[in-house]
Amino acid sequence: MPDDVLQAALFPYQVNLPYPQVEVQGPNRRYATLISDGYAGRGSEMTAVNQYLVHRYYLEKYPQIYLAYQKIAQVEQIHLQLLGKLIFNLGGRPFLQSCVTNHYWSGMFPDYQCTLEAILKSDIEGELDAISHYKLLICQITNDQIQRLFARIILDEQRHIQILTSFLSDPGKAGPLLNDFTDSGNT
């Protein structure tokens, strides 16, 4: 499926902007190592994907939130694929491992919650942590193309916070709420 079709299917759960292409000029193991933590570390995209999918089981009685969790997980999967490809292109191995901590990804990493409020708060916190991590990576990695990719991913994470915060403030308003996110320029 072409990227633009996939992205349209996920709007408004991601920002309606393309992900920047990243061309690397050769191996850079340091960059690959740093990125591996966002790929498969404790607060990684791998953790986010799985946390959203598990939390979704507890949300079936909230149809719009249930759908949002599926779509947000798909956006996080895109981020995971982008980071994995970047690690590979930088000469690293996209194993489910943080080379920063030297730990393999574990099913113990997601924050398993069971109630709507706890789930939403946990996932908002995860998105805030992801944004902080990407900002740190932007400071550590001087390649402007990689920095632009991380900045673009941050926009998606901010969108997720908007959606989750809206659900937290009024779960019953989940249906019409999504119309608030149709303007791609506002995040």
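Modeller: Leaving out residues up to four places away in sequence, H133 touches L34, D37 and G38, where contact means heavy atoms within 4.5 Å. The model is predicted, and local features need pLDDT of at least 70, side-chain atom pairs count only at pLDDT 80 or more, and totals for chains, interfaces and linings use all residues. Residues are numbered from 1 along each chain as its sequence is written, and side-chain values use heavy atoms, with hydrogens and water left out.

H133 lies in helix α5, residues 116-140. Helices here are DSSP runs of H or I with at least four residues, strands are runs of E with at least two, and both are numbered from the N terminus. With a relative accessible area of 19%, H133 is buried; buried means under 20%, exposed over 50%, and partly exposed in between, with a 1.4 Å probe and protein chains only.

Next comes the nonpolar core, a set of buried Ala, Val, Leu, Ile, Met, Phe, Trp, Tyr and Cys residues joined through side-chain atoms within 4.5 Å. The largest such core has 42 residues, and I35, Y69, L86, I141, I146 and F150 touch the most other members. Two or more residues come from each of α2 (29-40), α3 (45-56), α4, α5 and α6 (144-169). Helix α4 gives the most, eleven residues. In general, nonpolar side chains in soluble globular proteins tend to be buried together. Beyond its neighbours within four places in sequence, I146 is in contact with V22, Y31, L86, L90 and I141.

Helix α4 covers residues 63-89, which makes 27 residues, and reaches 39 Å from its first C-alpha to its last, close to the 39 Å expected at 1.5 Å a residue. That expected span is 1.5 Å times one less than the number of residues. Just after α4, G91 takes a positive phi of about 90°.

N102 also has a positive phi, of about 60°, although it is not a glycine. N102 sits in the loop between β1 (97-98) and β2 (103-104) and is exposed, with a relative accessible area of 56%.

For the whole protein, the order of elements from the N terminus is α-α-α-α-β-β-α-α-α, that is, seven helices and two strands. Of its 187 residues, 43% count as buried. Among contacts between residues at least 6 apart in sequence, 79% join residues at least 24 apart.
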